[in-house]
Amino acid sequence: MQLRIRTEQQTPEWKTRYAVRSGVEGTVNELAHGYGMRRCRYRGQGKAHVQHVLTAIAVNIERLSGLPPTEEAPTPRRPTAFQNYLDQREIPRPKSWRNLGS
């Protein structure tokens, strides 16, 4: 049995599956040990869910803040299908939807 499992672990399919799992396991370990996610502060599934979501957002912000700043300007996004529709019909479109009420 053990020999069969060890042989299976050498296949590319198993290594691909395990690579995904190992990335997730590291994140779960970081949340459990680094941010105290083994215990929940609130009672009830809804409140616990909110706590987990907010903690995940905080962890992502912390990770992003540790990245080095980029030197180049970000490339602009491609126009959406609706923007292309407006452009083809030469209908002016505001730069932001926030300007529509002004």
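Start by selecting Gln51 in this predicted model: its relative accessible area is 15%, so this residue counts as buried. Gln51 belongs to helix 3, residues 45-65. Show the side chain and look for its polar atom 3.0 Å from the backbone nitrogen of Arg41. Then display what surrounds Gln51: setting aside neighbours within four places in sequence, its contacts are Met37, Arg39, Cys40, Arg41 and Tyr42.

Now widen the selection to the whole of helix 3. Its 21 residues reach 30 Å from first C-alpha to last, close to the 30 Å expected at 1.5 Å a residue. Colour Ala48, Gln51, Thr55 and Val59, the buried residues of this helix. They span an arc of only 70 degrees around the axis, so they sit on the same side of helix 3.

The next stop is the aromatic rings, which form 2 pairs. For one of them, select Trp14 and Tyr18: the ring centres are 5.0 Å apart and the planes meet at 5 degrees, so the pair is stacked. Both residues lie in helix 2, 4 residues apart, about one turn of the helix. Trp14 is partly exposed at 22% relative accessibility, and Tyr18 is partly exposed at 43%.

Finally, select Phe82 and Tyr85, a stacked pair with 6.5 Å centre to centre and 15 degrees between the planes. Both are in helix 4 (residues 81-88), 3 residues apart. Here Phe82 is exposed at 57%, while Tyr85 is partly exposed at 40%.

Technical notes:
Residues are numbered from 1 along each chain as its sequence is written. This is a predicted model: local features need pLDDT of at least 70, side-chain atom pairs count only at pLDDT 80 or more; totals for chains, interfaces and linings use all residues. Side-chain values use heavy atoms; hydrogens and water are left out. Helices (H or I, at least four residues) and strands (E, at least two) are DSSP runs, numbered from the N terminus. Buried means under 20% relative accessible area, exposed over 50%, partly exposed in between (1.4 Å probe, protein chains only). A polar contact is a pair of N or O atoms within 3.5 Å; within protein, one must be able to donate a hydrogen and the other to accept it, and residues adjacent in sequence count only if both atoms are side-chain atoms. Contact means heavy atoms within 4.5 Å. The expected span of a helix is 1.5 Å times one less than its number of residues. The arc is that of the directions from the helix axis to the C-beta atoms. Rings of Phe, Tyr and Trp (its six-membered ring) pair if their centres lie within 6.5 Å; planes under 30 degrees apart count as stacked, over 60 as edge-to-face and the rest as tilted.
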